[in-house]
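Here is a friendly walk through one model, from single loop residues to the contact between its domains. Please keep the sequence and the 3D view open as you read.

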Amino acid sequence: MASEKPQDLVVTCTAPVNIAVIKYWGKRDEALILPINSSLSVTLHQDQLKTITTAAISKDFTEDRIWLNGREEDVGQPRLQACLREIRRLARKRRSTGDGDALPLSLSYKVHVASENNFPTAAGLASSAAGYACLAYTLARVYGVEGDLSEVARRGSGSACRSLYGGFVEWQMGEQADGKDSIAQQIAPEWHWPQLRVLILVVSAEKKQMGSTVGMQTSVETSTLLKFRAESIVPERMKEMTHCIQERDFQAFAQLTMKDSNQFHATCLDTFPPISYLNDTSRRIIQLVHCFNTHHGQTKVAYTFDAGPNAVIFTLDDTVAEFVAAVRHSFPPATNGDKFLKGLPVTPVLLSDELKAALAMEPSPGGVQYIIATQVGPGPQVLDSSNAHLLGPDGLPQQDP
């Protein structure tokens, strides 16, 4: 979809956030971002959480530039450069193996990129995965690159390769040194399990004591539990989790999701010096989930935590309302009662006195800032409307009217 000048091109795409239920932690190759174990994730719906990216190329641009959430960033960041280089290499390769035509001029054009999230990045919600998946997907459309983009997205952020697909996705660790077989693949589409729901409990977002990249390096160097997990536990769990999803077996899926989250955080504690991404509210949410399940005599909700304090809760549509009420009871909204729940609508219900008693917790006001209710969703999309572009005809970010 071209702008006014036919030789210039502008494309806008969106990409989703994904949440790993079998965790990735640790790389065997830092430069290529190759993981020490395979992982498996659920793609969240873009109506609630997405990155939107516009990329434009023009003979008039004098340098590559990028804006994130309205602020210009350093385009020289190594991971950003790795994605750009890889896309341009693939574009040249594709054109040179074509009909022997001369390489189009557009391959030498500079690119401007603007990217925004429709969710708060400070909340620590896998924004780099959605961001780099969206970058790879959008650049590929601008430069005419086709085929699997796992490698491009992975060079930006490991888990970004999983955001290239909707539904349920596995990232195969691969074995080759060059990473050609370290790719993402969909194991079930977004419509496979329509009853599945996801609640993101955003906990007061303090800055993490240690970022994921440094945390992973330290864990790989010092945690014997991490090595044991990668070699002896994850391969079997990948098979088991795939089976749970294919069979839509919620109880088995939920239990395995919680166990894997717990084990990931155990490897962080086994790291030396230890890393703790969970805070007191995170631990109270874990307690809440187990009390809720015990009260019902079956596993009706599951938690998983990435490298941060926010909880991601999986449940089925018939349990959402009661669990949201349980969260409201245990973490009464501080001041934003009406804005406490975002995303999919949830009908308010009253908690039974029996469940209140079973939760056996002193309420912790304001512990959970808000909840985002969402579901499983599709992979990246191209937006056809020129109104969606984040860059104006001059190649600079559009100003809000």
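N69 counts as partly exposed because its relative accessibility is 37%; here buried means under 20% relative accessible area, exposed over 50%, and partly exposed in between, with a 1.4 Å probe and protein chains only. N69 is not a glycine, yet its phi is positive, at about 50 degrees. You will find N69 in the loop between strand 7 (65–68) and strand 8 (71–73). Helices (H or I, at least four residues) and strands (E, at least two) are DSSP runs, numbered from the N terminus.

I33 is another residue other than glycine with a positive phi, near 55 degrees. Its loop runs between strand 3 (27–29) and strand 4 (34–35). I33 is buried, since its relative accessible area is 2%.

## How to read the model

This is a predicted model, in which local features need pLDDT of at least 70 and side-chain atom pairs count only at pLDDT 80 or more, while totals for chains, interfaces and linings use all residues. Residues are numbered from 1 along each chain as its sequence is written, and side-chain values use heavy atoms, with hydrogens and water left out.

## Other loops to visit

Where is the cis peptide bond that involves P273? It runs from F272 to P273, with omega near -5 degrees. P273 sits in the loop between helix 6 and helix 7 (280–296).

S364 belongs to the loop between helix 9 (353–359) and strand 16 (368–375). With 18% relative accessibility, S364 counts as buried. Neighbours within four places in sequence aside, S364 has contacts with R284, S330, F331 and P332, where contact means heavy atoms within 4.5 Å. D47, in the loop between strand 5 and strand 6 (50–58), counts as exposed at 61% relative accessibility.

## Salt bridges

Side chains of opposite charge can pair when their charged atoms come close. The structure holds 13 salt bridges, each being a side-chain nitrogen of Lys or Arg within 4 Å of a carboxyl oxygen of Asp or Glu. One of them joins E86 to R89, with the closest N and O atoms 2.7 Å apart. E86 and R89 are three residues apart in helix 1 (residues 78–96), so about one helical turn separates them. E86 counts as buried at 8% relative accessibility, whereas R89 counts as partly exposed at 32%.

For R237 and D260 the closest N and O atoms are 2.9 Å apart. R237 lies in helix 5 and D260 in helix 6, so this pair ties together parts that are 23 residues apart in sequence. R237 is buried, with a relative accessible area of 13%, and D260 counts as buried at 0%. R229 is buried too.

In all, 31 residues of domain 1 are in contact with 45 residues of domain 2. About 3,000 Å² is buried between the domains, and carbon and sulfur atoms give 73% of that area. Buried area is the accessible area (1.4 Å probe) that two parts lose on being put together, summed over both. In domain 1, I22, K23 and W25 lose the most area to domain 2, together 28% of what that side buries.

The rule finds one salt bridge across this interface. D306 and K23 form a salt bridge, with their closest N and O atoms 2.6 Å apart. On the side of domain 1 that touches domain 2, the residues divide into 18 nonpolar, eight polar and five charged. In this grouping Ala, Val, Leu, Ile, Met, Phe, Trp, Tyr, Cys and Pro count as nonpolar, Asp, Glu, Lys and Arg as charged, and the others, Gly among them, as polar.
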